[in-house]
Amino acid sequence: QMKDITVVIYDKGEAEWVSCQVIKENLLACYKKNSIIELNLSSKTTNCEILALYDKIKEIQPKRVLFLDGVPHPHKIIPLFNTSDFNHLPDLVFHIYGDFTIKTHLWKKIEDKLLDYKCLFLCASDKQVSLIKKLIKSSELLVTKCPFAVDESSFSNIPDLRERTRKKLGHSEDEFILIYTGRLSEQKNIHRLIHYFNYLVSTFDINAHLYLVGDFDDLATPFIGKYSADFFYFHYIMDLIENTSKKVSESIHLTGKQGRQELLALYNAADLFVSFSVHNDEDFGMSPIEALCTGLPAIITDWGGYAGFESKYCELIKTKIESENIKVNIATAVKKTLKYISEKPSRQEIADLYHERFGVEAVQKSLWKNLRATEFYGFTKEFESVTNAFKDRPLAPFLADSPLPSTHLFNNLYKRLYSSYES
């Protein structure tokens, strides 16, 4: 008799990215509502420890083995799986992250093994489901949506916290506070955020402030061969701010990275969350959903996982992949912002709506219903195209050929893949 046991494999240490750590903790909370056995697999796990881990799985004879983390990749242990070791073959379930497209070479290593098992690939959003289906054969039932969860107790609407925080920051109730949280990176379009804020304040003479909460990075757009020197993006943004008027530059606040308590306070203090991110890894969007769960309305790009948050309180800005960049309609963003300045929605109504859709309890209910694996038939020709692109041109797999030097254009492969993410 097969035991109805789910083995959950993940790295019990801290993830490199804060958002990945939060995602892991919250998903784990969803799974812990049912009977699971947790096993540790990290980048530091030795070969002998991996062997012992597999022995443990054989001993348990679970109904399913679920890989919660994207790092380390499942290819560290899957090659050990042998059908003769199980009375009933376990289902193999994988939570898929935004890096799936850049790690196809690792998935390729375990393709033959996966053919022996029923599998399930869980994506965080509808747009990611659409993208991943391009890479997996007969994917209709193999690829499904399981949104990441938000801890309601960490992100909620607290009116007196708003009052206290605004007072501490020195803002009166008639000042309009916009906030962005996350990496301050070219990938996240911070430069366009500065242009948008400058236009908003300069053109409409609004008493507004923009809080940029996070650390700078110089990751640029590496997959089209665009790399930056250390501190390049930081100095670029500082120059942009310096070239605005005194009123605008003094209204932009760089806070650095903040902890959960500080984020909760800042979200409650703010009036609008804004993000123009068009990052290829944007499979979900923990920052906007945490902000919405505090009752903060949002204006964000219609890109990747962000699109799944749309409501009358979360408005989407259209995006389009062009040759040199991804177009974001800033004029529309300004227009929508003016609406939020003139009419203040009920924050508790917003918080309730997003807790009902993305809280741990809500995700946990739908999660267990959707854990139905099916036969895996391998990866598609488009998957092979991606794998070959990274093999042939590892430093710029999505770069189009151009007669002009130092031109960074998206190639047709990128456009075909990420057409799932644009408007």
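The largest cavity in this predicted model has a volume of about 90 Å³. Its lining is made up of Asp 69, Gly 70, His 73, Pro 74, Phe 94, His 95, Ile 96, Tyr 97, Asp 99, Phe 100, Lys 103 and Trp 107. Over the whole structure, the search returned 4 cavities of 30 Å³ or more.

For the second largest cavity, the computed volume is about 50 Å³. The residues that line the second largest cavity are Ala 124, Ser 125, Asp 126, Lys 145, Pro 147, Phe 284, Gly 305, Gly 308, Phe 309 and Phe 358. This lining divides into 5 nonpolar, 3 polar and 2 charged residues.

Pockets were examined as well. The second largest pocket has a volume of about 540 Å³ and a lining of 26 residues. Nearest the centre of this pocket lie Glu 186, Thr 221, Lys 226, Glu 324 and Asn 325. The lining of the second largest pocket contains 13 nonpolar, 9 polar and 4 charged residues. Helices α7 (190-204) and α8 (232-242) each contribute at least two residues to it, and the largest share, 3 residues, is supplied by α8.

Six strands form an open sheet in the order β9-β8-β7-β10-β11-β12, and their pairing is parallel. At its edges stand β9 (252-254) and β12 (314-317), each of which pairs on one side only. On average, and with direction ignored, neighbouring strands of this sheet are turned by 25° against each other. Within the sheet, strand β7 (residues 176-181) pairs with strand β8 (residues 208-213) in the parallel sense over 6 bridges. Ile 177 has His 209 of β8 opposite to it. Helix α7 packs on the sheet, where it touches β7, β8, β9 and β10 (272-275). The direction of α7 makes about 170° with that of β8.

A further parallel pair is formed by strand β1 (residues 6-10) and strand β2 (residues 36-40), which are joined over 5 bridges. In this pair, Thr 6 has Ile 36 of β2 as its bridge partner. Together with helix α1 (residues 18-31), β1 and β2 make a β-α-β unit, and this unit is right-handed.

Note on methods. Residues numbered from 1 in each chain as written. Predicted model: local features only at pLDDT ≥ 70, side-chain atom pairs only at ≥ 80, totals over all residues. Heavy atoms only, no water. Pairing = 2+ DSSP bridges. Helix = DSSP H or I, 4+ residues; strand = E, 2+ residues; numbered from the N terminus. Right-handed = clockwise from strand over helix to strand, strands pointing away. 1 Å grid on protein atoms, 1.4 Å probe; cavity = no way out; pocket = protein on both sides within 12 Å on 5 of 7 lines; lining within 4 Å. Points joined across faces, edges and corners; volume = space filled by probe spheres on them. Nonpolar A, V, L, I, M, F, W, Y, C, P; charged D, E, K, R; others polar. Axes fitted to C-alpha atoms, helices over the stretch in contact; angles between N-to-C directions. Contact = heavy atoms within 4.5 Å.
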